[in-house]
Amino acid sequence: MLVLTRREGESFKLGDDIEIEILDIKPGVVRVGIQAPRSVRVLRSELVEAVAANNQESLSDEAGTDAVAAMEFTSNPIQRNSRAR
Amino acid sequence: MNDTMLNGRTTLPVRTPEGIPGFDESREWALERSHPEAVFCLLRPQDAPDRGILVAEPWQLAPGYEPDLPEAELERISITGPEDVELYVVVTLTPERTTVFLNLAAPIVVHRTERLARQVILDRQGWPLRHAVEARG
């Protein structure tokens, strides 16, 4: 891993069209500004890891049998009283 | 049609050019539905058919779910309009099957005709990763 030391207000470039700026440094927290083309996705790593873990849990050994059985549900097995959000 | 049908069971091909988190090596999948009215479908990687992801179309299970799918994400699988979009959410069941969890934070978007898919992670939209829905007793 490349390690760079930067001060508050300093920045660096990733390739030609991505710029990362250190906006603010406080004990334990750094605020980072990112300038990148729209096509570059910026996601917090722990969010991607949580999605990956959830995907793998979907048909884990423990729930697997039930999950396959659940495929047989023909009608909505779920109460409709819970709205998303 | 490129789907196959056997005893009411349908299998549609799905391709994920950039993988799916947690299944990063898998590119070719089969979307299996046991019968046309089934609520849940199984997304099964061709390279690891003993694994898979349980998914569902969210509209019935999570009324009010209105994800904002960024255009840049949709373009990656050649989606140009709403008519191209087929949307699924990842389902996790508890072993007792009393509660169903829907991942509303990262729906799987499929191009209806091209069969290209990707999981779109919706950051800062407030949709939960585990939206609990109680199963009917």
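The model is predicted.

Helix H1(A) spans residues 45-58 and has 14 residues. The distance from its first C-alpha to its last is 20 Å, close to the 20 Å expected at 1.5 Å a residue. Its buried residues are Val51(A), Asn54(A), Asn55(A) and Ser58(A). These lie on the same side of H1(A), because they cover an arc of only 100° around the axis. Ser45(A), Glu46(A), Glu49(A) and Ala53(A), on the other side, are exposed. The buried residues of H1(A) pack against strands S5, S6, S7 and S8 of chain B.

The largest nonpolar core has 38 residues; among those that touch the most other members are Cys41(B), Val55(B) and Ala56(B). Strands S3, S4, S5, S6 and S7 of chain B each give two or more residues to this core. S7(B) gives the most, with nine residues.

Strand S5(B) has both faces covered: Ile53(B) and Val55(B) are buried on one side, Leu54(B) and Ala56(B) on the other. In a regular strand the side chains alternate between the two faces of the sheet. The pairings of S5(B) are as follows.

| Strands | Sense | Bridges |
|---|---|---|
| S4(B) and S5(B) | antiparallel | four bridges |
| S5(B) and S6(B) | antiparallel | two bridges |

Ala56(B) is the bridge partner of Phe40(B), while Val55(B) stands opposite Val90(B) in S6(B). Leaving aside residues up to four places away in sequence, Ala56(B) touches Val39(B), Phe40(B), Cys41(B), Leu61(B), Tyr88(B), Val89(B) and Val91(B).

How values were computed: Residues numbered from 1 in each chain as written. Chains lettered and ligands numbered in written order. Predicted model: local features only at pLDDT ≥ 70, side-chain atom pairs only at ≥ 80, totals over all residues. Expected span 1.5 Å × (residues − 1). Buried ≥ 20, exposed ≤ 12 C-beta atoms within 10 Å, placed from the backbone. Arc of directions from axis to C-beta. Contact = placed C-beta atoms within 7 Å. Core = buried A, V, L, I, M, F, W, Y, C linked by C-beta atoms within 7 Å. Pairing = 2+ DSSP bridges.
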